[in-house]
Structure formats: structure tokens, C-alpha cells
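This briefing is meant for a reader who is meeting the structure for the first time. Please look at the sequence and the model together, and then follow the points below topic by topic.

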Amino acid sequence: MNGKKVMVGMSGGVDSSVAAALLLKKGYEVIGVTLQIWMDMGEERKAVEGGCCSLSAVDDARRVAAKLGIPYYVLNFKDIFEEKVINYFKDEYLKGRTPNPCIACNRYVKFGAMLNKARAMGIDYVATGHYARIEYCEERGRYLLRKSATDRKDQTYALYNLTQEQMARTLMPVGDYTKEQIREIAREIGLTVATKPDSQEICFVEDNDYAKFITENTDAPIVPGDFVDTKGNVLGRHKGIIFYTVGQRKGLGIALGKPMYVVAIDVRNNRVVLGDGEEVYSDNLIANDVNFISIDKLEGEMRVKAKIRYNAKEADAVISPMDNGMVKVVFDSPQRAITPGQSVVFYDGDIVVGGGVIVK
Amino acid sequence: MTNGLQQRIYYFDHAATTPMREEVLEEMLPYLKGKFGNPSSIYSIGRESKKAIEEARDKVAAALGAQSREIFFTGSGTEADNWAVKGIAYANRNKGKHIITSSIEHHAILHTCKYLESEGFEVTYLPVDQNGLVSPEAVREAIRPDTILITIMFANNEIGTIQPIAEIGKIAREKGVYFHTDAVQAVGNVHINVEDMNIDLLSFSAHKFYGPKGVGALYIRKGVKIVSFLHGGAQERARRASTENVAGIVGLGKAIELATANIDEHNKKLIELRDRVIDEVLQKIPFVRLNGDRYKRLPGNANFSFEFIEGESLLLMLDMKGIAASSGSACTSGSLDPSHVLLAIGLPHEIAHGSLRLTFGIDNTHEEIDYLMEVLPQIVGRLREMSPLYEAYERGNKNV
């Protein structure tokens with residue numbers, strides 16, 4: 001025993017289960033928790049099966065905790081999840097932007113509310129099964145967020161909002177291993193979850209049909225409007241802006257004789273702007289709500305690799321501070337479908353420099 | 001008591017369940033070991049099982065002031081509640097479709113009523129006062145020509161409030177409406193007589209009074225029109241078919257016999273522990289309120305709301321100190337919602353979130369209460385130190 005207590009967020013899946021097991025092995029006093037975030041309003045609104053915090057996750061996590069011989073609790077975070085994740089998600093789409101709810105959940109729920117709860121209970125750390133590494137760098141006097149051992153599984157994109165205070169109290173023990181190693185450890189210690197598939201969809205949206213979710217859960221009217229080209233010529237009618245995202249080609253419901261893409265959403269005029277293959281590319285963006293990890297503050301230009309969505313490839317870019325606290329990102333070569341509402345994350349090798357939310 | 005980690009456990013959650021008495025176990029053992037006969041069989045070992053069940057039935061009847069043939073064994077208190085409410089509703093739907101209940105019932109009643117609403121029945125959920133009491137006059141006023149059932153719990157599982165059951169029973173009888181009471185928390189803690197109190201149906205469960213889990217019973221007054229709950233064999237007068245849980249029923253019989261024989265002594269001890277805790281908590285901890293009526297409450301029940309903190313964190317920290325307590329009702333996952341009972345007595349959402357239920361039993365001692373009173377103020381203090389609400393309050397106070 002090292003005398004330190006850690007609260008591990010458990011989903012019953014292999015990663016968080018092994019995280020708990022690894023921390024036990026290192027001598028921590030481990031307390032397992034699952035965050036209850038879904039609403040109890042009828043069967044339909046329960047989290048999608050397999051999501052990290054679904055009801056089945058509770059059953060699985062409870063079983064794993066019993067197997068590991070650790071205390072286990074279900075913590076009620078419904079209110080904060082609804083406010084900071086679900087409402088944000090709906091509002092962003094209604095504003096013509098494309099949100100990333102996992103980033104909001106990490107920021108406000110897992111490393112916000114859960115960390116606060118752990119602190120209030122006298123628990124030193126929180127831990128998760130994220131594929132990422134947190135290290136303290138003596139030289140810089142800062143905590144660094146590094147990519148996981150396997151690039152393919154890396155989850156740092158969704159963690160760029162971590163603050164130094166949060167990182168000082170957060171452990172991510174699976175980041176040092178490959179997914180295969182994690183599965184192997186799970187088998188060795190006899191966890192039956194070892195073969196569960198990874199979950200990737202938005203946990204509160206069924207069948208990945210986000211537009212249906214928003215339509216059913218908002219009082220705001222979903223109003224049809226015009227498709228226009230970049231010159232403002234009307235091309236046809238759209239079903240309502242929430243149904244579209246920048247870069248989209250499929251499902252526009254109009255034939256224009258050539259491939260057309262959503263290049264912008266004009267909320268004020270309730271218009272969806274379409275463009276051709278070239279118009280969907282751009283070589284710069286502006287980000288706000290920026291958080292830096294490896295540096296305290298961006299003083300001047302900095303060369304980075306920038307990633308504009310969860311599954312996008314990193315691209316060479318130069319970032320520079322703007323007067324209003326925002327950051328300008330100029331790419332060496334044009335990027336496809338830079339989408340307002342999504343986050344841009346900056347890397348220096350395997351170190352996360354920081355990130356922000358794309359404004360335009 | 002210790003847990004799997006050999007930590008000493010201080011058990012203050014007797015409203016959730018109770019440890020089974022040694023005498024009850026002794027009484028049950030023969031029916032788990034040698035005496036396995038099916039009570040419906042004609043041969044000797046079958047008859048022995050049957051006799052044991054009927055003796056248990058006699059004990060229950062004696063405890064409630066009922067006749068033996070009016071007692072029907074079930075698998076749980078929830079089952080008895082479901083049977084009573086649905087059984088009356090379906091058997092009397094030609095007469096009417098209106099049911100009266102309260103807003104602070106256990107989910108076994110509330111969710112059953114909700115289900116019946118989806119089946120076309122109409123339900124009136126009576127409000128309660130700030131102490132959780134149902135007004136008998138409000139019951140009277142709610143009765144309509146098509147009212148077929150009044151179901152009001154005997155004592156509340158969260159705040160311990162004991163309802164004016166005899167008064168409500170009198171009104172129901174006058175108006176010719178069936179009266180059911182969920183007495184799961186009351187049996188063994190309150191004197192009950194179904195005749196004097198004009199009760200037509202009453203449900204309870206053995207594990208709340210030091211009996212085994214998985215067995216309960218429903219008292220059904222002779223002549224009450226109710227549909228059978230399970231169809232099949234002739235067990236329980238063909239109203240609740242199923243081969244009987246012989247050992248469980250025997251345990252229930254012994255447990256209710258002991259509980260009612262010792263009820264005054266039991267209550268005296270529990271009231272002493274309860275009042276000590278209530279007095280000391282109100283004295284030692286600021287910004288706390290007692291939920292439920294100060295006197296018309298179950299002998300072992302204390303329920304507090306601590307301002308500025310979440311009940312969830314409090315319970316978890318108590319658990320880490322070996323103290324088993326509860327905040328009332330837990331949902332499917334085990335996580336905690338603000339209780340419908342605390343909201344019904346008018347507590348704001350955030351205070352309803354900060355509640356703690358301590359329920360004492362015969363196994364508790366003053367030494368255990370010493371430990372509780374040492375640990376609880378510390379934890380409340382620590383949680384308040386970390387609470388942004390408390391900080392804001394303190395700041396606001398200094399500015400004044």
C-alpha cells in the first residue's frame with residue numbers, strides 16, 4: 001500500500017477495469033465508481049448499451065469491482081451531464097455548429113464534477129481508462145499530456161482541456177500499454193470483460209441519429225430553409241440546419257449535377273451553403289476557448305501538428321496568438337472540412353501543446 | 001459485525017433490512033435440511049410441512065388481530081402491495097376506476113398505481129403536510145362515487161412518519177371503500193389491529209422485523225373482492241398458487257411472534273437510541289433539520305437534511321468509515337435521486353439531495369452511537385469545507 005486513495009471511473013469495459021487492477025497492483029487504495037448520467041424518463045432515454053455509463057455498464061463494473069475486491073459506488077451526475085453535455089450538444093447544433101460531447105464530458109463531468117467529488121471525499125486522485133499519459137516534467141515545471149503508447153488508440157484529442165491542477169490529481173495507467181497488452185493483462189487477471197468491443201458512438205444518442213435526438217428533445221423550432229451556393233444563389237430547400245454538418249455530401253436531398261458539399265451553415269439566414277470539392281478546403285482557422293498544457297501561454301508563432309477532429313490526420317501548421325485571446329491556425333496545405341464547434345488540438349511530437357474550439 | 005474486508009460494520013439501516021434472529025434461523029433449519037415434504041402432498045412429511053405453514057399463519061393472524069384464513073403468504077412486501085392494488089382494481093372495475101393514495105408511498109405502490117393509470121384507472125395522489133402526514137379529511141374529500149380503493153402506507157420508509165391509519169380506516173368503512181395499507185415498515189414497530197383500525201388489506205415483509213428475505217404476506221379481510229394473484233395450484237386458497245416457501249414462511253411466523261411479543265420493550269430501546277441521535281445531531285451540527293414528525297415517527301427512524309452537502313458523498317464517506325446508512329430510496333443502478341418523499345414534504349431540491357436516514361435496531365448499542373456521533377460531525381464538516389455552496393453562504397454572511 002502506498003497510502004494514496006484513487007477513485008477510478010469504471011465502465012465495466014476492459015480499459016477501465018485494467019486501470020483499476022493496475023492501480024491496485026501499484027499499491028493504491030482503489031475505489032471504483034460509475035457515473036450515472038442518463039435520465040430515468042422511460043426506457044428510451046437510457047444511455048445506449050455499451051456506452052461508458054449505461055445501466056449495463058453499472059452491472060459489469062460492479063462485477064469487476066467485486067472481483068477485484070474494491071468498494072464500488074454509482075455516483076449521480078445526471079444534472080451536470082444534462083446541463084454541460086446534453087444541453088451544450090443541442091445548443092451547438094441549433095447554432096449551426098458541430099459539437100464534440102466527449103470533450104465536454106471529460107472537461108465538466110469526469111475531470112470536473114467527479115474530481116471535485118473525490119477531493120471532497122478525501123480521495124487523492126481520480127483515474128480513468130483513457131489511452132493517454134500524464135507525466136510531470138521537471139524541466140518545464142509542468143504536467144504534460146502525452147499520446148498513449150499506441151498511436152491508433154490515442155485519446156488525447158478529447159483531453160486537451162485538462163488543467164495543471166486537474167493533471168496533478170489524475171492518473172491514466174493504461175496509456176503506457178498497447179490495447180493488446182491491456183487485453184492480455186485482463187485475461188491474466190481473469191477479467192471476463194476482455195472481449196467486449198470498444199464503444200465509440202455518442203452515449204446518449206440512439207442509433208447515432210443525433211438529429212432525431214435533438215428534434216425530440218428541444219422546444220426550438222426546426223425550420224426548413226434554402227440551400228445556397230457560395231455566391232448566394234438558391235439551389236433548393238433544406239430540412240433545418242441541425243441536419244447538416246460542414247463537409248457533408250450525402251443526404252442533402254438535391255441533385256446538382258456535380259458533387260456538392262456543405263461548406264458553411266448560415267444560422268442568421270437559416271441557410272446551408274454548398275460548395276464544390278475545392279470550396280470545402282481551407283488553409284486557416286480561428287479557435288477560441290483555448291487551453292494550453294505544455295506551455296503556460298502562447299507568446300508568439302509556434303510550429304505544431306494540428307488535428308481538426310477526432311479521426312482527422314494531424315497536419316503541419318503554425319499557430320499564433322490573437323489580441324482577443326483567440327488563436328489563429330495557418331496550415332501548410334489546405335484542410336478538408338474545417339468545422340465550427342469541433343476542436344482543434346495542437347501537438348509537438350507526442351506532447352499535447354493545447355487546443356481550442358474552432359470558431360471559423 | 002464485520003464486512004468482507006474484516007472492517008467493523010456499524011449497521012444503522014434497519015429500514016432497508018434487518019439481521020435475522022438466531023431463534024428464527026433455528027426454527028427454519030429443519031425445513032431447509034430434513035423436512036422437505038411438499039405441503040400439498042398427502043403423506044406424513046407433506047403434512048408436516050403443511051402443519052408448519054398453518055402454524056405460521058396462526059401466528060400472523062394473532063399478531064394482526066385477524067383470522068388465519070385471512071392471511072396469504074407472498075414472495076415479498078412488494079408482491080403483496082402489487083396484489084392488493086391490482087387485485088382490487090381488476091376485481092372491482094365494474095364498480096369504478098378511481099383509487100386514492102398518497103404522494104409519499106413506496107414505489108411498490110406508486111409504480112403500481114402508475115401502471116394502473118396506463119390501464120385506464122384514475123389515481124388521486126394526496127399531498128402530505130410538512131411532517132409527511134396525510135390528512136384524514138383530505139381522504140374523505142377525495143372519495144368519489146367510483147372510488148374502489150384507498151391505499152395509504154402505515155409508516156413511511158424514509159422519514160418514519162406514522163399515518164393516522166385508524167382514522168382513515170374509519171372513513172373508508174363509513175364510505176364503503178376498500179382500505180389497504182402498506183405496513184412493511186410498521187409491523188414489529190407499531191401496535192396493529194386490523195379490526196379496530198378498519199383495515200381491509202395489509203401488506204408486510206418478514207425481513208424488516210428480523211425474519212428471512214423473500215417472504216411476505218397480505219392480509220385480506222374475509223369477503224373482500226379481489227382477483228387471484230397467481231393462477232395454478234390450490235395453494236393459499238388458490239389465490240396465490242406456487243409451492244410454498246416453507247422455511248421462509250416458518251421464519252416469518254417465528255419472527256412476527258417475537259416482534260409482537262417484545263414490541264414495547266423493543267420500541268423503548270429504539271426510541272432511546274433514536275432520541276439520543278436526534279438530540280445530539282441537532283445540537284452538534286449546524287444547518288441541519290430533522291425530517292418527519294418529531295413524535296409520530298417510527299421508533300428507530302431518524303432522518304436529517306444537512307444543508308450545503310450532498311447525501312451521496314456523505315453516505316460514501318460513512319461507508320468508508322464502516323457506517324451503513326441510507327438516504328432513503330435508491331434507484332435501479334444504486335445511485336441516488338432526490339427522494340420523492342422529501343420533495344413531497346416541501347424540501348427544496350438541493351436540500352432533499354443532502355439527506356441521511358439512520359434506522360436503528362435491536363442489535364445497536366450506545367457504544368455504536370458514540371462512534372456515529374464522533375464520525376458524522378467530522379464528515380459533515382469536511383464536506384462543507386469543500387462545498388462551493390457553503391463557501392458562498394459564508395462569504396455572503398461576512399459581507400452582511
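In chain B, helix H2 (residues 44-64) and helix H7 (residues 246-261) have axes that come within 8 Å and cross at roughly 30 degrees, where axes are lines fitted to C-alpha atoms, for helices over the stretch in contact, and angles run from 0 to 180 degrees between N-to-C directions. H2(B) is therefore roughly parallel to H7(B), a term for angles under 35 degrees, while over 145 counts as roughly antiparallel, 65 to 115 as roughly perpendicular and the rest as oblique. This is a predicted model, in which local features need pLDDT of at least 70 and side-chain atom pairs count only at pLDDT 80 or more, whereas totals for chains, interfaces and linings use all residues; side-chain values use heavy atoms, with hydrogens and water left out. Residues are numbered from 1 along each chain as its sequence is written, and chains are lettered from A and ligands numbered from 1 in the order in which they are written.

**Helix packing in chain B**

- The crossing of H2(B) and H7(B) is left-handed, which is the case if the near helix is turned anticlockwise from the far one by less than a right angle, and right-handed if clockwise.
- Among the residues of H2(B) that meet H7(B) are B:Ala52, B:Ile53 and B:Ala56, and the H7(B) side includes B:Ile249, B:Gly253 and B:Glu257; contact here means heavy atoms within 4.5 Å.
- The residues of this contact divide into 10 nonpolar, three polar and three charged, with Ala, Val, Leu, Ile, Met, Phe, Trp, Tyr, Cys and Pro counted as nonpolar, Asp, Glu, Lys and Arg as charged, and the others, Gly among them, as polar.
- Helix H3 (residues 77-91) and helix H4 (residues 107-118) of chain B pack at an angle of about 30 degrees, with their axes 9 Å apart, and H3(B) is therefore roughly parallel to H4(B).
- H3(B) passes H4(B) in a right-handed crossing, and the contact between them has eight nonpolar, three polar and two charged residues.

**Strands and sheets**

- Chain A holds an open sheet of five strands in the order E3-E2-E1-E4-E7, with parallel pairing; two strands pair if DSSP finds at least two bridges between them.
- Strand E3 (72-76) and strand E7 (170-171) of chain A stand at the edges, each with a single partner strand, so one side of each has no neighbour in the sheet.
- Within chain A, strand E1 (residues 5-9) pairs with strand E4 (residues 125-127) in the parallel sense over three bridges, and A:Val126 in E4(A) is the bridge partner of A:Met7.
- In chain B, an open sheet of three strands runs in the order E9-E10-E12 with antiparallel pairing, and its edge strands are E9 (288-290) and E12 (355-359), each of which pairs on one side only.
- Strand E10 (residues 301-306) of chain B pairs with E12(B) over five bridges in the antiparallel sense, with B:Ala302 opposite B:Leu358 in E12(B).

**A residue in contact with both chains**

- B:His349 lies in helix H11 (residues 349-352) of chain B and is partly exposed, with a relative accessible area of 39%, where buried means under 20%, exposed over 50% and partly exposed in between (1.4 Å probe, protein chains only).
- Leaving aside residues up to four places away in sequence, B:His349 touches A:Asp79, B:Pro338 and B:Leu343.

Technical notes. Helices (H or I, at least four residues) and strands (E, at least two) are DSSP runs, numbered from the N terminus.
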